[in-house]
Amino acid sequence: MNTRNRFIATLALCALVGLFIFQHASAARAQRGGDELRRLFNVTPPVSIADGQTLRVNFLNTGRTPLEIVPCIFDGDGAHLKTGDRITLQPGQTVSFELSRAEAGGLADGSVRVRAGVHGDGSVRKNLVVSGEVVDDATGRSTLFVPGLISGFDPQPDPPAAR
């Protein structure tokens, strides 16, 4: 095969690979309902939950516009254990998302390491405050506070302007 034929064959192969990649990306977008890919943000450090415990993750929107998030909880290897529905948090609104040890699945060990995350756009990091707590299922009491993402939180906001 001469050089020109090799060049044409290589060019045709590259075009086919490019077409395949383009079609695959288009199909993936269509499968997601036309929604753009949403970035994943880790929002709590890892903790362990044991039998009879639940991880409750609390989300607060400190911004002035609504935030859309999809909460999720991962195991110690980074696999999704639970993914919630899309939530629109209004300014000042708080919602919770939970995963019990029983929901985490059939690990032989009595406890499982978990961490929380959210899928969202860039405004999530700016205006979302997150905390977690490990709750005892029998009593409903928190046994461990899990600090989370706090970049949008100002514990001492400026006083209202004088009128």
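These questions and answers concern the salt bridges and nonpolar core of a predicted model.

Q: Why is Arg101 called buried?
A: Buried means under 20% relative accessible area. Arg101 has 5% relative accessibility, so Arg101 counts as buried.

Q: Why is Asp51 called exposed?
A: The cut-off for exposed is over 50%. Asp51 has a relative accessible area of 59%, so Asp51 is exposed.

Q: What makes the pair Arg101 and Asp51 a salt bridge?
A: The rule asks for a side-chain nitrogen of Lys or Arg within 4 Å of a carboxyl oxygen of Asp or Glu. For Arg101 and Asp51 the N to O distance is 3.9 Å, so the pair meets the rule. Arg101 sits in the loop between β7 and β8 and Asp51 in the loop between β2 and β3, 50 residues apart.

Q: How do you know that Glu133 and Arg56 meet in a salt bridge?
A: Their side chains are 3.8 Å apart, N to O, and the limit is 4 Å. The pair links strand β9, which holds Glu133, to strand β3, which holds Arg56.

Q: Why does Glu133 count as buried, and why is Arg56 partly exposed?
A: Buried is under 20%, and partly exposed lies between that and 50%. Glu133 is at 16% relative accessibility and therefore counts as buried; Arg56, with a relative accessible area of 24%, is therefore partly exposed.

Q: Which residues have the most contacts inside the largest nonpolar core?
A: Leu55, Phe59, Ile73, Val114, Val118 and Leu128 have the most contacts inside this core of 25 residues. Strand β8 gives the most to the core, with 4 residues.

Notes. Residues are numbered from 1 along each chain as its sequence is written. This is a predicted model: local features need pLDDT of at least 70, side-chain atom pairs count only at pLDDT 80 or more; totals for chains, interfaces and linings use all residues. Side-chain values use heavy atoms; hydrogens and water are left out. A nonpolar core is a set of buried Ala, Val, Leu, Ile, Met, Phe, Trp, Tyr and Cys residues joined through side-chain atoms within 4.5 Å. Buried means under 20% relative accessible area, exposed over 50%, partly exposed in between (1.4 Å probe, protein chains only). Helices (H or I, at least four residues) and strands (E, at least two) are DSSP runs, numbered from the N terminus.
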